[in-house]
Amino acid sequence: MSGVFASLFQDVLNRVYIMSKKKNKNAMKKKADFPQKVCPVCQRPFSWRKKWAMCWDEVKYCSKRCRGERNFSG
Ligand SMILES: [Zn+2]
């Protein structure tokens, strides 16, 4: 096995590594930029969902459960 082949192989490995890194960076950048709200019951942030497209302004709770819990405690 010659040293030239080994260095070539290493070069290919480096290229593959760099390419995969770039791909990951793009995937990170594609993270959704939907609007977010904080649920007043569980204090957790939740983001826009398609089912709320028509009523996002009125959405206050992250889930039916949180909405129900507020009613029970109030
Ligand atoms: Zn909640």
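These are my notebook entries on a predicted model of one chain.

**Basis.** I number residues from 1 along each chain as its sequence is written.

**Confidence.** I looked up pLDDT, the predictor's confidence in each residue, from 0 to 100. The chain has a mean pLDDT of 84, and 77% of its residues reach 70 or more. I found the lowest confidence in helix H2 (residues 64-73), with a mean of 76, and the highest in strand E1 (residues 36-38), at 96.

**Elements.** I noted two helices and two strands, in the order α-β-β-α from the N terminus. Helices (H or I, at least four residues) and strands (E, at least two) are DSSP runs, numbered from the N terminus.

**Burial.** I counted a residue as buried if 20 or more other C-beta atoms lie within 10 Å of its own, exposed if 12 or fewer, and partly exposed in between, with C-beta atoms placed from the backbone. Of the 74 residues in the chain, 1% are buried.

**Gln43.** I located Gln43 in the loop between E1 and strand E2 (45-47). Gln43 is exposed because it has 9 C-beta neighbours inside 10 Å. Its phi is positive, near 60 degrees, in a residue other than glycine.

**Lys60.** I placed Lys60 in the loop between E2 and H2. Lys60 has 13 C-beta neighbours inside 10 Å and so counts as partly exposed. From Lys60 to Cys39 I recorded 6.2 Å, C-alpha to C-alpha, although the two are 21 residues apart in sequence.

How values were computed: This is a predicted model: local features need pLDDT of at least 70, side-chain atom pairs count only at pLDDT 80 or more; totals for chains, interfaces and linings use all residues.
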